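Dear colleague,

I am handing over to you the structure shown below.

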Amino acid sequence: MGWIKGEGEIEDSYKISKIAAHVPGLVVYNTFTNDTPYAENFHGVLLVADVSDISAGKLSKVIVGDEISQYFVVIEELAVARTIIFSPNTWELCERDNIAIDPIENERAVKVRYIKREPSFSLEKYQDSIGTSVEHEKVTRDCVRRASRLMSNAEFEKTLQKYIMKTVLQKPLEYLSEMRLATIVFVNMQFRGGESDQEQCMTVHQAAIGIGQQIVKHHGRVNKVFMLDKGCTFLCLFGLPGDKQEDKCAHALQAAYGVHELCQKEIPNLKTVSVGVTTGPMFCGVVGHPVRHEYIVIGRKVNLAARLMMHYPGVVSCDSVTCYYSKLPPFYFNELPKKAMKGVKNPGVLYQFMTNKHQM
């Protein structure tokens with residue numbers, strides 16, 4: 001007589017699959033016996049859609065954070081926007097007769113023009129080769145993502161939850177997406193260069209813990225950590241469900257200043273730290289496939305915060321809306337000179353948030 005699972009076990013399995021849907025496969029199938037910070041070099045292919053970059057070769061998989069919150073970062077130098085660049089290793093592995101390319105002057109990398117015919121690739125063989133370290137329900141050939149068939153495992157579930165914001169864990173998926181008035185804090189750290197992989201891993205780990213503590217202390221959340229050619233960037237959110245405060249703008253500015261001070265004093269080999277803060281209506285919610293999605297924020301003020309961070313280096317900058325709704329005295333703010341910023345029209349008056357001359 002066959003064994004039939006109880007309803008509770010089905011629900012538990014469904015729960016861990018819902019959690020895994022928010023987490024990249026490289027995290028789901030990571031070796032979790034390693035302590036953080038954890039860095040692993042591997043040879044793979046990295047596709048970054050927003051800059052259309054494909055590179056193959058030595059990548060660094062880095063996991064940082066504490067026992068409460070952890071973050072996953074892949075470190076690789078990226079390509080120029082709106083191009084598809086193959087690194088030398090990628091080009092060596094390609095079916096060259098099938099790809100039209102343009103050489104890049106003084107470089108071994110190449111720029112892709114077009115693919116002549118659709119290549120063949122066995123998705124089934126690839127799926128069979130991954131995820132052998134954890135237990136799955138029966139995985140069929142029409143399974144979109146192997147991680148959507150994880151067997152129930154309480155400890156594994158707790159580990160995956162560290163990579164997901166509490167905002168996401170506290171509400172059902174169908175209630176997570178909305179237009180919302182929120183405050184964005186972008187933090188960018190640029191380094192002097194010359195660090196080893198281990199030193200870079202330790203630096204990002206130290207920053208992740210310190211920045212995370214400052215942000216949570218002021219009722220915010222770290223949404224993303226990523227490494228690009230312009231350094232290490234943290235995207236932090238204030239005013240999300242469960243964290244909403246009437247004075248969220250003041251909290252965000254105080255957290256931004258605390259992060260700026262922390263990085264300057266404690267992060268080694270730091271060249272500059274820049275913070276951009278903006279407030280406004282934006283889409284806050286989940287995008288992607290039912291078995292693989294992520295919580296993101298989209299809006300004009302999100303873009304403006306990123307531009308402030310890059311165009312006003314070394315300071316905490318903010319827009320006039322954040323300044324106004326913070327209700328802080330004028331002497332905390334110094335008007336910044338106007339600058340042309342890509343994708344930004346009429347940003348209004350911009351300010352540098354100054355030191356906390358009085359206890360806030």
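With which side chain does the side chain of Asp-319 make a polar contact? The partner is the side chain of Thr-322, at 2.5 Å; a polar contact here is a pair of N or O atoms within 3.5 Å, where, within protein, one must be able to donate a hydrogen and the other to accept it, and residues adjacent in sequence count only if both atoms are side-chain atoms.

Please note that this is a predicted model, in which local features need pLDDT of at least 70 and side-chain atom pairs count only at pLDDT 80 or more, while totals for chains, interfaces and linings use all residues. Residues are numbered from 1 along each chain as its sequence is written, and side-chain values use heavy atoms, with hydrogens and water left out.

The chain as a whole

The chain has 10 helices and 14 strands; these are DSSP runs numbered from the N terminus, with helices being H or I of at least four residues and strands being E of at least two. Of its 360 residues, 47% count as buried, where buried means under 20% relative accessible area, exposed over 50%, and partly exposed in between (1.4 Å probe, protein chains only). Among contacts with a separation of 6 or more, 66% are between residues 24 or more positions apart, a contact being heavy atoms within 4.5 Å.

Asp-319 belongs to strand β12 (residues 316-319). It counts as buried because its relative accessibility is 1%. Beyond four places in sequence, the residues that Asp-319 touches include Val-277, Thr-278, Lys-301, Leu-304 and Tyr-351.

Asn-303 is located in helix α9 (residues 300-311). Its relative accessibility is 27%, so Asn-303 counts as partly exposed. Leaving out residues up to four places away in sequence, Asn-303 touches Lys-342, Gly-343 and Val-344. Its side chain reaches the backbone oxygen of Gly-343 at 3.4 Å. Between the C-alpha atoms of Asn-303 and Thr-278, which are 25 residues apart along the chain, the separation is 9.3 Å.

The nonpolar cores

A nonpolar core is a set of buried Ala, Val, Leu, Ile, Met, Phe, Trp, Tyr and Cys residues joined through side-chain atoms within 4.5 Å. The largest has 42 residues, and those touching the most other members are Val-185, Met-189, Ile-211, Phe-234, Val-277 and Phe-333. Helix α8 (residues 248-266) gives the most to this core, contributing 7 residues. At least three residues of the core come from each of domain 1 (15-160) and domain 2 (170-353); the domain bounds come from an automatic or database domain assignment. A second, separate core of 34 residues includes Ala-182, Phe-186, Cys-284 and Val-302.

Phe-333 also has contacts beyond four places in sequence, among them Leu-253, Cys-318, Cys-323 and Tyr-351.

Strand β9 and its partners

Strand β9 (residues 231-238) is mostly covered, with 8 of its 8 residues buried. Strand β7 (residues 178-191) runs antiparallel to β9 and is joined to it by 7 bridges; two strands pair if DSSP finds at least two bridges between them. Within this pairing, Thr-183 has Phe-238 of β9 as its bridge partner. Strand β8 (residues 220-228) also pairs with β9 in the antiparallel sense, over 8 bridges, and Val-222 stands opposite Cys-236 in β9. The hairpin that joins β8 to β9 passes through 2 residues.

With kind regards
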